Amino acid sequence: MTDIARFRDFVANTARLVASTTNEPELLAALAPKLKELVAHDDWLPQAFAVADGGRYRQYLLYADPLDRFSIVSFVWGPGQGTPVHDHRVWGLVGVLRGEELSVSYARQPDGTLRAAAPEPLRAGQTAAVSPHIGDIHAISNGLADRSSISIHVYGGNIGRIRRAVYDAETSATRDFISGYSNDTVPNLWPDRTAA
């Protein structure tokens with residue numbers, strides 16, 4: 001049994017914050033503890049949005065603001081799965097719900113090449129931010145070799161519809177992509193608990 005009310009409250013709080021400020025540092029600072037509180041509880045994510053795939057990671061849309069101001073997504077990483085080097089082009093917060101992620105950030109050098117930082121683990125209950133203003137290029141992978149990991153991401157737009165780029169880490173060449181989502185439906189935030 002999941003407690004979808006916890007997630008519904010997070011959606012409502014995120015909508016209030018996004019409506020109250022366009023100051024990105026202020027928004028990220030206010031939203032990060034709310035995401036940290038959400039991922040501290042592993043009782044709310046419906047199973048349909050926590051299923052790994054043997055071939056590649058899954059990106060499940062959990063909520064998209066009707067004005068495209070933000071979206072909330074669950075990423076499910078099977079063992080050995082990860083992303084290519086990519087950007088976001090909007091602010092984002094990542095919170096690990098289960099398991100561990102490894103994030104490798106990349107900085108563009110004056111000559112246009114990319115320099116990788118050391119891998120940073122992000123464990124269950126921890127959060128991190130991305131943004132074109134604070135660092136937006138990275139690659140993510142499952143930090144666990146023997147089981148899936150799940151993270152919850154909040155983005156400053158409908159991330160599945162945003163044209164972004166993947167990067168060749170050796171040549172810095174880019175290719176545009178639009179990620180889309182792995183699911184055809186989204187969670188019902190208002191289930192009827194009285195139905196028999």
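Reader: Which residues of H2 are buried?

Author: Keep in mind that this is a predicted model. In H2, the buried residues are Glu24, Leu27, Leu28, Leu31, Leu35, Leu38 and Val39.

Reader: And what covers them?

Author: The cover over the buried residues of H2 includes helix H1 (4–20). Strands E4 (92–98), E8 (127–130) and E10 (149–155) are also part of that cover.

Reader: Where does H2 bend?

Author: At Leu31, by about 25°. Pro33, a proline, follows within four residues.

Reader: What caps the N-terminal end of H2?

Author: That's Asn23. One of its side-chain oxygens lies 2.9 Å from the backbone nitrogen of Glu26.

Reader: On to the rings. How is a pair of aromatic rings described?

Author: By two things: the distance of the centres and the angle of the planes. Here the count comes to six aromatic pairs. Take Phe49 and Tyr60: their ring centres are 6.1 Å apart and their planes stand at 85°, so this pair is edge-to-face.

Reader: Where do Phe49 and Tyr60 sit in the chain?

Author: Phe49 is in the loop between H2 and strand E1 (58–64), while Tyr60 is in strand E1. They are 11 residues apart, and the pair links distant parts of the chain. Both residues are buried.

Reader: Which residues form an aromatic cluster?

Author: Tyr57, Phe75 and Trp77 form one. Tyr57 also has a charge over its ring: the charged end of Arg56 sits there, 4.6 Å from the ring centre.

Terms used. Residues numbered from 1 in each chain as written. Predicted model: local features only at pLDDT ≥ 70, side-chain atom pairs only at ≥ 80, totals over all residues. Heavy atoms only, no water. Bend = angle between axes of the 7 residues up to and from the residue. Helix = DSSP H or I, 4+ residues; strand = E, 2+ residues; numbered from the N terminus. Buried < 20%, exposed > 50% of the residue type's maximum accessible area, 1.4 Å probe, protein only. Contact = heavy atoms within 4.5 Å. Polar contact = N/O pair within 3.5 Å; in protein donor to acceptor, adjacent residues only side chain to side chain. Phe/Tyr/Trp six-rings, centres within 6.5 Å; stacked < 30°, edge-to-face > 60°. Lys NZ or Arg CZ within 6 Å of the ring centre and 35° of its normal.
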